[in-house]
Amino acid sequence: MRPYVIIFSTETIDGRIASRTGYSKLSCFEDLKLLHSFRAHSDGVMVGANTVILDNPSLTVRFSHGSSSFRIVVDPSLRVPPNSKIFDTPGRGVLVTLETWSLENLRDYIIRGVIVVKAGLDRLDLRKALVELHKLGVKRLLVEGGGILNCTLLAEGLVDEVHITIAPYIFGSGVSLASCKAFDGETSRVELALISYKEVCPGWVHLAYKVLRPKTIKA
Ligand SMILES: NC(=O)c1ccc[n+]([C@@H]2O[C@H](COP(=O)([O-])OP(=O)(O)OC[C@H]3O[C@@H](n4cnc5c(N)ncnc54)[C@H](OP(=O)(O)O)[C@@H]3O)[C@@H](O)[C@H]2O)c1
């Protein structure tokens, strides 16, 4: 069993979740409140290693009622510093990494009360990681990016819903909502079904989609 997986990202109208200089403050206050209510209704919030290294988010619930859940980072190479904010609460921070790391390699994380989930030998096995997270009690998982994590989860068919808030900006370059080479568009792509849309504050539109599985189209 794996968790029900929801991606939530705020992006520009040209699909960027960060500019080429790393600027990523794209939410209006109502969008932030929406994001935090998604956090409050999830058992875990997951991000990729680059997001933690660049933004050092806490991933806690602050602009909504409800308590914070597991705060999870996917970091196969142990690049995320053990003193990152997501590991601030012992027993709530989770490091998803490779099975090859020794206790000595993981010492600084374990001392801080970080839960280590190991999945995959030479490359990270996301499917296995999700099964392990489900065993920990993560039945509903919120994924907040970045683009590499979003794309690899979508490519492996591990995403159930995609929630996007479109900010009225154009960046022209930067990090895309989904960044990987898994799809060519013509014969393979992710197809989605629109569930709902709403203007969350003047100019910011939130769209909710159900994922119809990654599709390989036969010629
Ligand atoms: N606007 C928004 O809503 C929003 C939300 C979140 C992030 N962001 C922005 O997004 C940017 C970061 O995104 P990003 O695409 O560069 O990186 P990312 O997805 O945050 O992290 C990518 C790294 O995480 C590890 N990783 C992720 N998925 C993996 C997988 N399936 N298998 C193995 N390793 C995996 C890898 O680490 P290794 O390289 O060590 O293998 C990979 O390089 C930041 O600028 C941040 O501000 C924006």
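Helices (H or I, at least four residues) and strands (E, at least two) are DSSP runs, numbered from the N terminus. The model is predicted: local features need pLDDT of at least 70, side-chain atom pairs count only at pLDDT 80 or more, and totals for chains, interfaces and linings use all residues. Residue numbers start from 1 along each chain as its sequence is written.

The ligand is surrounded by 29 residues, the closest being Ala18, Gly48, Asn50, Gly145 and Gly146. Two or more residues each come from β1 (4-12), β2 (16-18), β3 (44-48), α2 (49-55) and α5. The most come from α2, which gives five residues.

| Class in the shell | Residues |
|---|---|
| Nonpolar | 13 residues |
| Polar | 13 residues |

Nonpolar here covers Ala, Val, Leu, Ile, Met, Phe, Trp, Tyr, Cys and Pro; charged covers Asp, Glu, Lys and Arg; the others, Gly among them, are polar.

**Core.** A nonpolar core joins buried Ala, Val, Leu, Ile, Met, Phe, Trp, Tyr and Cys residues through C-beta atoms within 7 Å. Buried means 20 or more other C-beta atoms within 10 Å of a residue's own. In the largest nonpolar core, of 46 residues, Ile72, Val73, Val96 and Val143 touch the most other members.

**Leu26.** This residue is found in the loop between β2 and α1 (29-40). Leu26 counts as buried because it has 21 C-beta neighbours inside 10 Å.

Terms used:
A residue is buried if 20 or more other C-beta atoms lie within 10 Å of its own, exposed if 12 or fewer, and partly exposed in between; C-beta atoms are placed from the backbone. A residue is near a molecule or strand if its C-beta atom, placed from the backbone, lies within 6 Å of it.
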